[in-house]
Every structure is written in C-alpha cells, then in structure tokens.
Amino acid sequence: MRTLIKIFGIIAALSAAITCSPSSKTAKAAADGSFRLLYWNIQNGMWSGQQDGHEKFVNWIKEQDPDVCVWCEGQANYVTNSTRNLPDDPDKYLYGFWKEMSGRYGHKFVAFSGRRDRFAQVVTSKYPIRTVAQLVGEEPDSVVTHGSGWFAVELGGKTINLVTLHTWPQPWAFRCEDREASAKVREGDNYRRMEIQYICEHTIGKVPDASSQYWMMMGDFNSRSRRDNYVYGYPDRDTRFLVQDYIYGHTPYIDVIGTLYPGEFMTTTGGQSRIDFIYCTKPLFDSIKEARVVSDSYTTPVRDPQNLSNFWHPSDHRPFIVDFNIR
C-alpha cells in the first residue's frame, strides 16, 4: 500500500510539473491567441548591462513575459564601461551571446538578420522561428547597411511574418566621398529611402495578397513621420519624411503608435524623436489589445555619467510592447 501511495504521489507531482511547464503555457497562449511582442534597440548589444552581467536586463524581460523579442543592435561592440572596441567576433558577441542570453529569460528559439556589420538584429521566441530571408542588399548601389531579416512564427495554426531592420543612421550617404557636402544636402535621407524600398520589395512586396495576412515590420528607421510634424515643425517637403512616406504610399502597413495615439507624441529615444516604429498589416493591427512605448524606472534613457561617447543607460532608445489577441 505504501508503495502504491508513493507511486501515485510521483504521478501527481509529474502531472503538476507538466501542467506548469513553459511548453504548456506556450501551448495555452497559442490556443487562446494571446501574443506579446517586445521590440527594443538596445545600443551595442546592451552595453549598459555588461556591468552587472545583464541581470537587470534579464529580470526586466522576465517581468514583461514577452512571447517574441526583437532586438536592434544585437552585437556587443565595446569592452565593459569603455569605448574600446571588442574584436569583431560574431560567434562570441552575437550568435553565441544570444543563444545563452535568451535562455535566461525563457526563450529557446533564436534567429538573426542578415549581418553586414556589427549592428545586426536578433529575434528570440518561445515559439519556433523560421528564417525566410536574411537581407544585406546588393552591391554596389543597394547595400542594406545594417542588414534586415524576414522571419515567420507559427501561432495557433497562423503564420506571423516579422520583418526587422535598422536603416543607415547618418545625414551623409553611405560610402560618399565628401561627408560634409553630402550631409549638407541630407543625402543620408535618400539613402534610407532606397533601403526601405529594397527591404519592402524583398519581403512583403514578394507575397501576393499580403495585405490580408499577418505581417509586422519594426526597427530603428532613423527617420521621421510627417504625422509627428506638429512637434518637429519641418518643411512639408523635408527629406526626413521620405522613409515613412514610402511605407504609407507603397505598402499595406499601418503605423501602430501613430494610428493608436494620434496627436500624442511618444519619443522613442533619450531626446524628442520618434525614429523607432512598428508597422502591421490590417488583420494584425485589428488584433492589437494594447501597444505602448515603455518609459519606466529602468527603461527611461539616462546619459552615461562619464560622458562616454553617446552612451546611455540602459539604452539610447526606449522599448515597445504590443499585445495581440489573434483569432
């Protein structure tokens, strides 16, 4: 009899463990359609987090409990608390780093954008991720400077397409010969316009009837939306609007924050600039329960007290969280 009691106890304990396991929670999320996205440009692979072994960073992610994370600037680039370059070793400071890091906050699946330099994007997930394309552009005239990625996540029998990007950040054009002259006429804006067209044409533009499917595109666009011009006060034909104007005029994407909060400016940086965006097609946009730029006690950018380069803590950008209920 005692043996039977022990056996039943073991069975009950195993059953409870299975019921509470992360995989069963994931299955439940997939079944009821709930889905949380966390996007953030984390500045040089979360340089700020190097000082505490990324403990605050990991704990904050755990508190948010995202299903999918998209990180801009995923590679660690600098020695802790300094501006000294780390070796450009993606096996150690990008691919290997995230395979270890994502496990600390419960994500077992990791994928990477195309990598042309030290500023690749990273996607981590509770769900399996399929890499559809890693984009780096084409030489010599269509280089996607920081790479881009197209990924697919399956959720409850539905496919969610994710496009990640980080466009050229400078006022001068990529590889221009005279930076000062190029910056004076803001050739960098036109270069970004080329990048966004290339990325869209090689992702959502390749799929028939994509407007009726689940698509999202996100990243650091390094450009402005004319929807926010009541804050900026730029001339109507200002080239800083070129990237967003292309998206509005040539794709089915909807600007999530700009549409949900018209007339309510939300900076995504340490200053007053909305240069990070999340876009969704209408079927996905219509499933949004809540979307916000997060400015809490941890994520609000603070300049580095040593005035090291342009470093901020924890990043010079603010994260987004978007909650979906996909039926």
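Colleague: How many bridges join S1 to S2, and do they run parallel or antiparallel?

Modeller: Strand S1 (residues 34-41) and strand S2 (residues 68-72) run parallel and are joined by five bridges, where two strands pair if DSSP finds at least two bridges between them. Within that pairing, Leu38 stands opposite Cys69 in S2. Bear in mind that this is a predicted model, in which local features need pLDDT of at least 70 and side-chain atom pairs count only at pLDDT 80 or more, while totals for chains, interfaces and linings use all residues. Residues are numbered from 1 along each chain as its sequence is written, and side-chain values use heavy atoms, with hydrogens and water left out.

Colleague: And what counts as a strand or a helix here?

Modeller: Both are DSSP runs numbered from the N terminus, helices being H or I of at least four residues and strands E of at least two.

Colleague: Which helix lies across S1, S2 and S14?

Modeller: That is helix H4 (residues 55-64), which runs at about 150 degrees to S1; angles run from 0 to 180 degrees between N-to-C directions, and axes are lines fitted to C-alpha atoms, for helices over the stretch in contact.

Colleague: What is the strand order in the open sheet?

Modeller: Six strands form the open sheet, in the order S3-S4-S2-S1-S14-S11, with mixed pairing. The edge strands, each pairing on one side only, are strand S3 (109-112) and strand S11 (288-293), and the twist averages 15 degrees from one strand to the next.

Colleague: Switching to helices, how do H7 and H9 pack?

Modeller: Helix H7 (residues 187-201) and helix H9 (residues 242-250) pack at an angle of about 30 degrees, with their axes 8 Å apart. They are therefore roughly parallel to each other, since angles under 35 degrees count as roughly parallel, over 145 as roughly antiparallel, 65 to 115 as roughly perpendicular and the rest as oblique.

Colleague: Which residues make the contact?

Modeller: Taking contact as heavy atoms within 4.5 Å, the residues include Ile196 and Cys200 of H7 and Leu242 and Tyr246 of H9.

Colleague: Now the backbone: where is the cis bond that involves Pro140?

Modeller: The cis peptide bond runs from Glu139 to Pro140, with omega near 0 degrees, and Pro140 is in the loop between strand S5 (129-138) and strand S6 (142-155). Another cis peptide bond joins His313 and Pro314, with omega about -5 degrees.
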